[in-house]
Amino acid sequence: MSTLNGTRAPAALVLEDGRIFRGSAYGARGRSLGEAVFCTGMTGYQETLTDPSYHRQIVVQTAPQIGNTGWNDEDDESSRIWVSGYVVRDPARTPSNWRAKRTLDEELERQGVVGISEVDTRTLTRHLREQGAMRSGVFSGDALGTDEEMLAEVKASPQMKGADLAGEVTTKQAYVVKAQGETRFRVAALDLGIKSNTPRMMAARGIEVHVLPSSSTVDELLAVEADGVFLSNGPGDPATTAHATELTKAVLQREIPLFGICFGNQILGRALGLGTYKMRYGHRGINIPVIDVATKRVAITAQNHGFALEGEPGQRFETPFGAAQISHYCPNDDTVEGVRAFDVPAFSVQYHPEAAAGPHDAAPLFDEFAALMEKAK
């Protein structure tokens with residue numbers, strides 16, 4: 001717990017609409033600006049913090065106790081913490097887990113992530129549900145100012161709508177994750193903010209994964225001589241992804257099997273002619289139901305998105321590449337959760353089948369991708 005002269009150092013979370021929540025400094029001292037969003041996962045805070053899809057967002061954890069298992073060196077989903085700031089109610093004083101190397105507080109401070117604790121996260125979450133995700137800032141230490149000064153900084157910060165962020169989180173150099181055992185297929189994965197467990201899930205199925213920067217050209221992608229193309233998750237507004245969308249169209253024209261998740265779902269949808277929009281507060285958690293239109297089966301899924309595709313559950317539509325359908329939807333609000341093309345080998349889902357952290361209901365989607373590549377061979 002962050003203290004100053006034996007007492008908890010003060011901190012403030014300032015929202016764009018003028019609402020201010022007071023608490024104690026947690027992690028690094030200073031100022032952090034970003035979009036305030038809430039995550040409903042009861043577990044998996046380490047995976048949440050290191051998920052590149054949370055870039056430039058201040059994450060509010062709805063679970064009241066955070067940090068109980070500390071921080072280990074195995075569960076990171078990328079090379080660093082990506083959240084802009086962190087908001088919790090009751091941080092653990094002492095972690096209890098045999099894999100823990102340090103406390104969550106220590107790791108946040110080590111990576112310079114400004115957080116705040118002892119916040120009424122229930123009230124805060126209800127406020128964000130009613131008013132929507134909005135720009136915000138966490139202030140502590142020397143960065144604390146008057147209410148007017150802090151609010152002015154928040155209002156001067158960039159909005160998430162129109163933010164082009166994939167290029168800020170993508171790998172700088174291409175790399176390869178070898179298949180486990182015999183190599184059955186080779187996949188070119190466009191890194192828009194990919195999580196570490198995704199290539200591992202494919203490698204476990206005999207897939208050699210070539211992870212490419214988001215700026216990769218069609219020629220660079222084709223040079224991999226891949227059996228399939230994967231579009232990863234990632235942050236930002238999908239309306240800014242002109243390059244990735246055009247790259248996807250080139251893949252569809254060549255009828256190379258394609259699978260996209262989360263941000264990749266939105267990119268495939270846009271390549272097929274669908275629009276996207278910003279949701280009021282998005283889906284962020286590991287208990288979100290999704291219905292498959294074809295089978296009527298329900299999967300409990302891990303999700304993290306603030307934008308979505310336009311469309312209705314089960315809607316069929318024509319594209320430049322033939323017929324397609326809205327293949328999955330969320331029964332909570334009818335949000336589009338998947339797209340499938342019928343005349344070219346391509347499909348995508350809005351959720352995270354790699355399930356880190358989260359349920360494993362959607363893991364067979366990687367098998368479906370393998371089957372698609374087998375059929376194309």
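Buried means under 20% relative accessible area, exposed means over 50%, and partly exposed lies in between, with a 1.4 Å probe and protein chains only as cover. The exercises below concern a predicted model, in which local features need pLDDT of at least 70, side-chain atom pairs count only at pLDDT 80 or more, and totals for chains, interfaces and linings use all residues. Residues are numbered from 1 along each chain as its sequence is written, and side-chain values use heavy atoms, with hydrogens and water left out.

**Exercise 1. A positive surface patch**

Task: Find which residues form the positive surface patch, and decide whether Arg122 is buried or exposed.

Solution. Begin with the rule: a patch is made of residues with over 30% relative accessible area and no salt bridge, where like charges are joined within 9 Å and nonpolar side chains (Val, Leu, Ile, Met, Phe, Trp, Tyr) within 5 Å. Lys and Arg count as positive and Asp and Glu as negative, while His and the chain ends are not counted. The place of a charge is taken as NZ of Lys, CZ of Arg, CG of Asp or CD of Glu, and accessible areas come from the Shrake-Rupley method with a 1.4 Å probe.

Next, list the members, which are Arg89, Arg122, Arg126, Arg129 and Arg280. Helix H3 (residues 121–131) supplies the largest share of this patch, namely three residues; helices (H or I, at least four residues) and strands (E, at least two) are DSSP runs, numbered from the N terminus.

Arg122 lies in helix H3 and counts as exposed because its relative accessibility is 63%. Arg129 also has its place in helix H3, but with a relative accessible area of 42% Arg129 is partly exposed.

Finally, look across the chain from Arg122: its C-alpha atom is separated by 9.7 Å from that of Val60, which is 62 residues apart from it along the chain.

**Exercise 2. Positions taken from a record**

Ser53 counts as buried because its relative accessibility is 5%.

**Exercise 3. Salt bridges**

Task: Determine how many salt bridges the rule gives, and follow which parts of the chain are linked by Lys278 and Glu35.

Solution. Side chains of opposite charge can pair when their charged atoms come close. A salt bridge is a side-chain nitrogen of Lys or Arg within 4 Å of a carboxyl oxygen of Asp or Glu, and by this rule the count comes to 16.

For the named pair, the side chains of Lys278 and Glu35 meet at 2.6 Å, N to O. This pair links distant parts of the chain, with Lys278 in strand E17 (residues 276–292) and Glu35 in strand E5 (residues 31–39), 243 residues apart. Lys278 is partly exposed at 28%, whereas Glu35, at 8% relative accessibility, counts as buried.

Another salt bridge joins Glu354 and Lys195 at 2.9 Å, N to O. Glu354 lies in the loop between strand E22 (346–349) and helix H10 (364–376) and Lys195 in the loop between strand E13 (185–191) and helix H6 (197–203), so the pair ties together parts that are 159 residues apart in sequence. Both Glu354 and Lys195 are buried.

Lastly, Asp73, Arg102, Glu107 and Arg110 are linked in a network of salt bridges.

**Exercise 4. A positive phi**

Task: State where Glu255 has its place.

Solution. Most residues other than glycine have a negative phi. Phi of Glu255, however, is near 55 degrees, a positive value. Glu255 has its place in the loop between helix H8 (242–253) and strand E16 (258–261), and it counts as partly exposed at 48% relative accessibility.
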